[in-house]
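Q: I have a model open and would like to learn how to read its features one by one. Could you take me through it?

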Amino acid sequence: LEGDENWVYCMSFYPDENQLVTGSRDGTLRRWDRKACVVQVLGAHNGTVWDVDVSRDGKMVVSCGVDNTVHVRNGASGETMHVFEGHNDWVKSVEFSRDSTRVVSGSDDKTVRVWSNAKHQVPVQVFEGHEYPVFGACFYPDENKLVSGSQDGTLRVWDQKTGLVQVWSGHIDAVWDVDVSRDGKMVASGSYDKTIRIWDAESGETMHVLEGHQDAVRSVEFSRD
């Protein structure tokens, strides 16, 4: 698939897995059809797009970038539905909750923020505690908790009702990405220390350390099973 005019930094599939959306260094979001090889420009940020996610029903796309904003767009037309403002530095990570009513974002301003698609004026919650930029954040399946990974080398688990729950240490360099398994029992993290760690999602104990990469691991994701 060709059409982007600069480096592609992120992508996410639509539910039908025939279409996908990409975010680029040129600031654009593009929707691709793998069969027809058709590309549509959905919209743009003022600068590099760092992350993108598609809602489970395929009706919305969320993106973030170096303009310190989070954009929610119509997944078909690209029309802007919400622009979330509040981060004071680049936003590196975004993800929809499973019911698509909320968005979690992680930023170079060291915070994790949760936004509501119904009340989009200000973040619903702001979680502070990381000592360096937050590169990855995602919801647990129950959506009451979320996990974040940071340049400070830690993962932090947050309870949306009570705040910080746990700090997990093990990586010896920045944590770039995190993901929670569909059953909520495991968390995966990828790091600049060239390893992937699998954690027990409840206790925070390291279950596996996967080695073999020769450079930083910037992305991790569990299979559906």
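Q: What are the strand content and the end-to-end C-alpha distance of residues 168–209?
A: Strands here are DSSP runs (E, at least two residues) and helices are runs of H or I of at least four, numbered from the N terminus. Residues 168–209 are 52% strand and 0% helix, with end C-alpha atoms 14 Å apart. Keep in mind that this is a predicted model: local features need pLDDT of at least 70, side-chain atom pairs count only at pLDDT 80 or more, and totals for chains, interfaces and linings use all residues. Residues are numbered from 1 along each chain as its sequence is written, and side-chain values use heavy atoms, leaving out hydrogens and water.

Q: Where does UniProt place the feature "repeat: WD"?
A: UniProt positions follow the numbering used here, with shortened feature names, and annotations may be inferred rather than shown by experiment. The unreviewed entry lists residues 1–33, 42–83, 84–116, 127–159 and 168–209. For residues 42–83, the ends lie 15 Å apart between C-alpha atoms, and the span is 60% strand and 0% helix.

Q: Which strand order does the open sheet of four strands have?
A: Two strands count as paired if DSSP finds at least two bridges between them. The order is β5-β6-β7-β8, and the pairing is antiparallel. β5 (49–54) and β8 (80–85) are the edge strands, each pairing on one side only. Five antiparallel bridges join β5 to β6 (residues 60–65), and Val-49 stands opposite Gly-65 in β6.

Q: How is the protein chain divided into domains?
A: Domain bounds come from an automatic or database domain assignment. Domain 1 covers 1–102 and domain 2 covers 129–224. Their C-alpha centres lie 22 Å apart. Counting heavy atoms within 4.5 Å as contact, 11 residues from domain 1 and 13 residues from domain 2 take part.

Q: How much area do domain 1 and domain 2 bury between them?
A: Buried area is the accessible area (1.4 Å probe) that two parts lose on being put together, summed over both. Here that is about 1000 Å², with 40% of it on carbon and sulfur atoms. Glu-95, Arg-98 and Arg-102 supply 51% of the area that domain 1 buries against domain 2, more than any other three residues.

Q: How many salt bridges cross the interface of domain 1 and domain 2?
A: The rule asks for a side-chain nitrogen of Lys or Arg within 4 Å of a carboxyl oxygen of Asp or Glu. It finds two across this interface, while the structure holds six. The side chains of Glu-17 and Arg-224 form a salt bridge at 3.0 Å, N to O. This pair links distant parts of the chain, 207 residues apart: Glu-17 is in the loop between β1 (8–13) and β2 (19–24), and Arg-224 is in the segment after β20 (206–210).
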